[in-house]
Amino acid sequence: MQRTLSIIKPDAVMRNITGKVNAMIEDSGLRIVAQKRIRLTAAQAEEFYGEHKDKAFFGGLVEYMTSAPIVVQVLEGKDAIAHYRKIMGATNPAVADEGTIRKTFALSITQNTVHGSDSEESAKREVSFFFNHIEVVG
Ligand code: CDP
Ligand code: MG
């Protein structure tokens, strides 16, 4: 069993489709073992996405991620990190596979509906960024 950090991003929260995203997550076999709705501050978004701070899209990404509430969650399952990246689909929804969350719901490369950790190291950092051990119930 492995855990990964998922974020349902502002575009999905604003369109009131978090349940539809969660249904795709659960239908794929992953289990939601922690979940909460929060609103990021700019400082929090900048810290969370620190690896991208020198990228041209960084300012727009921080602006977007702070534009509305998000739902942060911990997903559990076999190979959860790779499994979730696969059902999320590519960063750019225009090239994402059919049936993926991003192909189904994303509005643009920035407003792409979900975040998922990309490695064991980032999953560990990202889960503990949002949740303490008491909040994650497997
Ligand atoms: O989220 P993912 O790991 O697939 O992509 P990333 O390369 O780690 O980028 C993080 C986030 O920045 C993306 O999910 C997009 O929301 C945003 N982004 C963007 O706005 N423009 C790009 N050219 C690339 C990423
Ligand atoms: Mg990433």
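How far is an oxygen atom of ligand 1 from an N or O atom in the side chain of threonine 110? I looked this up in the predicted model and got 2.6 Å. I take a polar contact as a pair of N or O atoms within 3.5 Å.

I noted that local features need pLDDT of at least 70 and side-chain atom pairs pLDDT 80 or more, while totals for chains, interfaces and linings use all residues. Side-chain values use heavy atoms, without hydrogens and water, and residues are numbered from 1 along each chain.

**Ligand 1, other polar atoms.** I found 3.0 Å between an oxygen atom of ligand 1 and a side-chain N or O atom of arginine 102. For asparagine 112, a polar side-chain atom is 2.9 Å from a ligand 1 oxygen. Of the 500 Å² of accessible area that ligand 1 has on its own, the protein covers 81% (Shrake-Rupley method, 1.4 Å probe).

**Ligand 1, shell.** I listed the surrounding residues (a heavy atom within 4 Å); among them are Lys9, Tyr49, His52, Phe57 and Arg85.

**Proline 10.** I placed proline 10 in helix H1, residues 10–14 (a DSSP run of H or I, at least four residues). From proline 10 to arginine 39 I read 9.3 Å, C-alpha to C-alpha, across 29 residues in sequence.

Notes. Chains are lettered from A and ligands numbered from 1 in the order in which they are written. A polar contact is a pair of N or O atoms within 3.5 Å; within protein, one must be able to donate a hydrogen and the other to accept it, and residues adjacent in sequence count only if both atoms are side-chain atoms. Helices (H or I, at least four residues) and strands (E, at least two) are DSSP runs, numbered from the N terminus.
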